[in-house]
Each structure stands twice: as C-alpha cells, then as structure tokens.
Amino acid sequence: MRIFKKTKQKTTNKQETTTTQRRGASQWAVGWRRFKRNKAGLAGLFIVLFYIFIALTSQWLAPYPPRSYLPLYQGEAGQPPSWKHPFGTSKAGLDVFSEVLHGARGDLYVGVGATAVSVLIGLVIGAIAGYLRGGAGDFILMITQVFYTIPLLPLILLFARVFMILVAQGFGLTLILLLLGFFGWSTISFVVRGEILRIRELEFVKASQALGASRWRIIFHHIVPNTLTPVIITASLLIAGNILTEVVISFLGFGDANTSTWGITIQEGITYMRTEWWTPVFPGLATLFAVLGFNLLGDGLSDALNPRLRD
Amino acid sequence: MEPLLDVKGLKTYFFTEAGIVKAVDGVDFKVEKDETVGLVGESGSGKTVTSLSIMRIVPQPGRILAGSIMFEGEDLLAKSEDEMRKIRGAKIAMTFQDPTTSLNPLYTIGSQLAEVIREHNKDLSKKQVTEQVIKLLEMVRISEPELRIKAYPHELSGGMKQRIAIARALACGPSLLFADEPTTNLDVTVQAQVLSLLKDLRQKEKMSLVMITHDMGIVAEVTQRVQVLYAGMVAEVADTRSLFKKPSHPYTEALLQAVPRIDQRKDLKVIPGNIPNLIDPPSGCRFHPRCPYAQEICTKKVPPLEVTDNGHLVACHFWRNLSLAGA
Amino acid sequence: MANLTIYVIRRLLFMIPVFLGVSILTFIISNAAGDPIALIRQGLRSVSPEVLEALKAYYHVNEPLHIRYLYWLWDLLHFNLGRSLSGSPVINIITPLILPTLMLQIPSIILAVAIGVPIGIYSALHQYSKKDVSITTIALFGYSMPTFWLGLMMIIVFSLYLGWFPSGGAAGITKIWWGSEFADRIAHLIMPLSVLTYVQFATFVRLMRGNMLQILREDYILAARSCGLKERTVIYKHALRNAITPIVTILGLGFGSSLAGAPGLETAFNWPGLGYKFVQATFSLDIPLIVGITVIITIMLMIANIITDLFYGLIDPRVRLG
C-alpha cells in the first residue's frame, strides 16, 4: 500500500543543510526577536546609538571647537560645572563638556576603526588557518597564539611613540587605530578558525566539495557568511576593549596631542585634580559608559544569536 | 495485579522565553512488573520528558503541572524531595542517550559508580563498595574490571561508556529502568551487544525495562508492549506483535513504513513534514497536518483514546474505517 | 602521566615562538630609524658620548641587519640587556622594579579568584534573583572600567578629600600610619591593590557564573540527579569541579593582561614598578631600557603561562596530545 509520496531518504542531513544556509533572513529575524527581549542588550544598543549620534554631530553640539583654549581668554579657566560650562573648565582653559563630546568622535573612530582592521585581518588569517591542514595551518595558528599571548599594551605604546616621532605627526589618531588593529586580530582569527572547523564538517560543504567547487569558492560563499554571527559578537566586545586601550594610550601621553580624546582630557586634569575634580571625572565617565554599552551589546548579541547557547 | 508504574494525565510544560512548550500533554503510561515496554516516537515527541517527569528531575524551566504517578502503590508526585531522592537510583534508574556526555569527565568511572552505591548504602565499608563496583563491571561485561575502575571516561570507547552508564543505573538493583536511546550514538556492531546485554540483565535482575527509542527495529527485538507518543500525546498502545501486524494509528503505520527491510524490495517511506511546534500545537488531532487520511473533524476535535477490537488503545477518529499496513 | 609530560613539553616549546615574536617586534621598532642609535638621537635626552659608544658596540651597528639581530638575541638570552641612556646597566635598573610590580599583581589575582569564584557560583545558583542582578551589574562595571581612571577617582576621594590614604608611591618619607614602616607600605598598597582586584574580580565572577550555568545544563548533572545523589553533591562535586577547571586556564591569561596593563595603573599611582618605568623610558626613547622591561614582562608572562598549564594538566585528566 502506497500512501506517502516517494521522498528521497535524506531527511536529517537535509535539515541540517537548510538551517545552516538559511541563516540569511529567518535566522536574523529570530535573533532580533530574541534580542528585543534582552533588556541589558537593548540598553547596550541604545547607549551605543547615543554615542554614535554624539560622535557624528559633536561639531555642531559642542559649544567650543576641539582642543580650544578659548575659555582661558574669556577668563573662565578652572571653573567648576556651571550652565555655561556643564562639565567645568580645565586649569589650562579647555571646556570639558566640549572635549567630552569631541572625544566621543575620536575614541569611537579609533575603537570602531581598529576593530574593522582587526576583523579584516582576523577573517583572512582565521579562514586560512582553519582551512589549511598540516604544517601551514599549524604555523598560522602558532602566529595567532603568539599575538594572543604577548603583552600588547607595552608594544603598542612603544610603536606609537616611535612612529609618532618618525612619521606620523599630524595623523596621530589614525596611527593608534592602525596599531590597535594590527595587534588585536587574534581573537577574531580564533573565532573564525573555530567556526570553520565546525562548519566544514557539515554536509553541505562536503557536498559542494564533492561537486568540485573550488576551495576559495567554498571559503567565501559558504563558510564566511556562516562565521559572521560570532565575528559580530566578538567585534562588539573588541570595540569596547579598543576604546579602553585608546584611553590608556592617550592618558599616558602617547596619543595625538592635537585631537580631542577622553584620555588626553583626563591627563590634562590630573595635575590639578585636588581642586578641579571635574576635569578627569567626566571624560572617565564617558569612557566607562561607552565601554559598558559595547559590552552589553556584545553580550546581548551573543545571547540572541549564538545558537549553541539556546535551550 | 496492580501495575508497577501507573501514570495518569501527566502534563509537563517548559516555560521558555519563546512561550510555553507543552512537551508532555496528558500522557497515560503503564508498566507491569517484569516486562519491557517500548516508548516510541520521533525526537521531540515527549519520550524523554515523560521519563524525566516520572523521576521528577525535569530540568529548568520545565514543571510538572498535572497528573498522578503511582509507583509500587505510592504517588511519587506527593513525595518530598528527600524521599524522592531515595527512590532515584535505588528503585527507578535511567540511562541517557549520549554516554559521552552522561559521565562526568573529571572523575574515574570507579569513583562514579562507588558514589552511587555509597549514597544508597551508607553502612558499607570502602572495601565492600569496591567489590560491589567490580561485580557491577563484570555484570555489564567489562573486561579487567580491577584496572578499569581507575580509567577516566575519555579513555573508554562509546560502547564501554554506555555499559558503564548501565552499570551505574543498576548499581542499587532498581525495579524499573528507563533506557533512553541506549544505542543511538553507538556503532552498529556495538549496538547489538548493548541490546542483548540489556535484555539479559532485565531477565536476570527481574526488573522492568522501558526502552525509549525511535527505532522500530529495536522495539521489535526487545519489547513486549509498545506505547507510541506523538507531540506530547499518546497515539497508540498495543502488544508489540499485534502493533507490528496491524497498527491502528496512521502515525504508527508511518513509523513502521520508515523501517528499512532486507527481505522486501520496496521504497522507504519517510514521514513528510516535521514534528509540530509544541508552543502552538495544531488544533484537534496533533498529527493531522502530516496525516494522509486527515478529514475535517481531525482539525477540530482531539480524538479520545479508545480500545479497538484487537485490544489496542488508539487516539484516532477513524481507527474503525482504516485498514493500515503493518511491517 | 606520559601524556601530561608531553603536554607540558609542548606548552614549554610554545614559549619559544612567543619569546621570538616579542624579540622580533621590539627589534624591528628599535631599528625603525635605521639603527637604535639613530632612533635614540631622535629623542629629547642628551646622552654622554661614552654611553653612546658602548651602545654602538652593544648593538653592533656596523653589521648588516640580520647579523645585528642574532648578536642582540644572543645577548638577550644571556640577560645582557645593555646600558640605559643614563649609563647604568639596564638589568640593575630593572631588578628593583620587579618586586613592586609583583606586589600588586600577585595578591590582586589571588584575591580576585578567592572572592570572584564563590560569588560567581552563588550568582549562577540564584540566576535572575535580585542578588544575582546586583552581582552581575557590579561585575559589568568592573570590566568596563578604565583601571587607571578608577585609581584616579579613588585618589581624589580617599587621599585628596578624606586624607585616609597616601595618594601615590609605594612608601612615604613621613610614615602616615603610626610611624610604622610596615603599616606605611600597607597604606600605600591598599588603593592600587583594591582597584586591580576589583577589575580582575569582575572577570572571574563573570566567567565562573557563565561556566556554572552552562555546566548545570550538562547531561552528567542530570545523570547524577537520576542516581539519587544529594543536590549538594551534584552541585559542589560534579558541577563545581567542571566549572572551575577552565578558570585555571584564564589565570595565566588574566595575569598576563593585567601585567600588560601595568603602565596605566602604576602611572596613576606613581607606583615605582616596571609599568611606571616603562612609560618614562618610552618618553625619553631609552631603547635599551624599554626593550629590557618588555623582555622581563614577557618572561614573567611566560612563567605564569607555564605554571597555569602545569596546574591545568594536573587537574584535568583529559589533557593530552592535541
């Protein structure tokens, strides 16, 4: 008796294939629905959007231009917070409120830009490490581990100092961005490699290999799209880390003295912080909440998008 | 004679972020003394949750909402957590689907077995416990048990790990054992060994065995009675022989048709569609979207469990009219 | 045991590329102006001709680049770190700085684990309770905090306004607490130590909570329950050991990143350690001193990693090849 239509005997494998390939629309929609229910993640998203808005509009929002000592000439240096100077002014005459707003621009530029550089490098190196078997793959993995283990901050400080003297007068912030980017790709690379090792064992990749698809086609058409989720999560956390590092770098005086960053404003404040607490306090709070925002966003995304953590 | 286990109207729901998953939704389930029952269905049909509910170890965010679980004449749902703990492992035991994840990777198998024995027999000396562990390992046919007790799970093969898990479940001579897909994650040759081991042990130890599986081949080989679950509800209950000869529920028929046979050259039939979403299950008979015989009434009315002429219990509006194919 | 030995040897061998990596990176940057002497001349510091001659000899400036690297690496491996621009041997400058740095780093990581692990477990066992939410929030602020800035804030409040603690350094000339040398050192230590402990505590709480939640969902926990084991045994024996094992791996990494962050914190507290000296040396482009400190930090980091690996190998029986 023949009741059911003739179907090929392939159910389980086929299901695996479609769910992995269909990450596209439905996967993201499901992710967004889960993310919306995550209050902490949403808070993170709002904080991040708020900072991005400030960064994009700081030149119009801020009462004073970047690194402007105009309040000094107006006789308003070293004043506590007031209506005219909501975060006070520094001893040298900076309007702290304006510097915090302009700092959002500088620090987000470095934080996001450096992460973009790291993601690019990490994607390529991780993909190669995950896909090559044998010696070459091991060697690349070793390089990644070296970059993961070495003391990054001292090396970045040293590189920043030397480059700043030799070549980079004038585009200092971009130099910091590139350094953070070039030194910080190892986590992305690990994540990409791990995902690739997982995905390449799945049926549809094996199937396209059997069908004779080229290695590079498999990497860029099948594997890279599937690694995007964990990369986005890691990148969000990496932005948080990069902002923290940039603030330390410019606090220590290795940043660009001509651009507004939170770190450099904190540094300006420490000599007189006994009497003028506001100069170091506000840029530090700005840093804290920016980093908090990206961390919350990253955690929220990880809860919402990481399929292996679901019940 | 009263049955060893008599479950009535069991409801276990999972309260997840996405909604309430009605994993087990009004299941009756009976096990007699000294028999092997197959609990059958696709993954997600509520087999495992039924057994976890009976042992009252449903993980978060699951809760048992209704029903009664009579075991040896006592209601398990009325027992305190402490009383329940003395029953688990000692009177009702369970083995899990994946032997690799069901043993703690950081402890030797000897210590994991000894721990269970000591928990239920506090006055045994250290030496007696070790002797008992070795006896258990011999019982599940592990060679060189004196050496193996020092081994860690990762040093053993999948088949050995499953046998260790069985040994742990039998450590205190339970009268009821749930074996949850005991062969699914094993190689074919090892599967046969584990099955025959379970069969022998059941006879020797005079216990009842509930075989949780989706494999009708195993059901035919091991069980005397079968209970088919679909989407958290009972579809059919019958003697194994009778069920294979003449199923009364279209879902049972579909399960039987999906078993490969060497002796007959015919195409395998796969059940079309997937197990339904249990947050918002189909109205009426939950099988109707996948059922080739579905009529209007199936979408509206939940079919009651009825006794058929040949003694099956079946939940289908049309059991009288259908003539279904056996295996 | 044989597996464990092989594992440890593998991990020891991995330290070679780490060391080479750091040496290559520092060599490249110190030769960015052609050779280290040229770079030093770009700095603001005036250097006596005698020191300059000694450094020219130390760096073998007349040899080709790769030969220079090999000479230099050979010297490094013999702890010959050259002379600082001030004239004294680098090794003599660095040695007294190691202890102050470790005095902050080691107690802070021990305290952070000792406090963070139990609190993380508590948090996981009471997931979504009020206490869990507050713990998670405190931890979240901890790992989003610029460490040096938190230090500055504590200085403003507790030293400058309240006057409870000294505002910087490792010891004062006037002993502020009962004139005792020991108490004075403790007084200087408390603030930087609490800042560092809090920041690391945040990491460990978060990790421990996450691990514990994940482990509690494992099959072997369910299996242990199904055997009638006491809930206490299930959690404190079966779940805890599995959740704590990965923490050990993080110990080495946590120590490493905290050590790498020493320049920020030590500068905020004027703490006479490696990080503080590093910042000063980098400003004045004292290349031999910079490289020396980087190498010492790398070696400390490598030792921490090796100890971690050994420890991990001992507590996790699964450790073996690959």
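The legends below describe close-up views of a predicted model.

**View 1. Helix α4 of chain B and its surroundings.** Helix α4(B) covers residues 109-120. Its 12 residues should span 16 Å at 1.5 Å a residue, and the end C-alpha atoms are 18 Å apart, which agrees. Nine of the 12 residues are buried, so the helix is largely enclosed by the rest of the structure. Among the buried residues are Ile109(B), Leu113(B), Val116(B) and Ile117(B), but also Gln112(B), Glu115(B) and Glu119(B). The buried residues of α4(B) pack against α2, α5, α6 and α7 of chain B, and against α10 (231-260) of chain C.

**View 2. Leu137(B) in helix α5 of chain B.** Leu137(B) belongs to helix α5, residues 126-139. Leu137(B) is buried, at 0% relative accessibility. Beyond its neighbours within four places in sequence, Leu137(B) contacts Leu113(B), Ile142(B), Pro145(B), Ile149(B) and Ile164(B). Leu113(B) is itself one of the buried residues of α4(B).

**View 3. Ser226(C) and its contacts in chain B.** Ser226(C) is part of helix α9 (residues 219-226) of chain C. Its relative accessible area is 1%, so Ser226(C) counts as buried. Sequence neighbours within four places aside, Ser226(C) is in contact with Met55(B), Ile57(B), Arg88(B), Gly89(B), Ile92(B), Met94(B) and Phe96(B).

**View 4. A salt bridge within chain A.** Glu99(A) and Arg67(A) form a salt bridge through their side chains, at 3.5 Å from N to O. Glu99(A) sits in helix α5 and Arg67(A) in the loop between α3 and α4, so the pair ties together parts of chain A that are 32 residues apart in sequence. Glu99(A) is buried, with a relative accessible area of 1%. Arg67(A) is also buried, at 15% relative accessibility.

View 5. The side chains of Arg206(C) and Asp299(A) meet in a salt bridge of 2.9 Å, N to O. Arg206(C) lies in helix α8 of chain C and Asp299(A) in helix α13 of chain A, so this pair joins two chains. Arg206(C) is partly exposed, with a relative accessible area of 35%. Asp299(A) is partly exposed too, with a value of 22%.

**View 6. A salt bridge within chain B.** In the salt bridge of Glu181(B) with Lys47(B), the closest N and O atoms are 3.1 Å apart. The pair links distant parts of the chain, 134 residues apart: Glu181(B) is in the loop between β7 and α8, and Lys47(B) is in helix α1. Glu181(B) is buried at 6% relative accessibility, and Lys47(B) is buried at 4%.

Notes. Residues are numbered from 1 along each chain as its sequence is written. Chains are lettered from A and ligands numbered from 1 in the order in which they are written. This is a predicted model: local features need pLDDT of at least 70, side-chain atom pairs count only at pLDDT 80 or more; totals for chains, interfaces and linings use all residues. Side-chain values use heavy atoms; hydrogens and water are left out. Helices (H or I, at least four residues) and strands (E, at least two) are DSSP runs, numbered from the N terminus. Buried means under 20% relative accessible area, exposed over 50%, partly exposed in between (1.4 Å probe, protein chains only). Contact means heavy atoms within 4.5 Å. The expected span of a helix is 1.5 Å times one less than its number of residues. A salt bridge is a side-chain nitrogen of Lys or Arg within 4 Å of a carboxyl oxygen of Asp or Glu.
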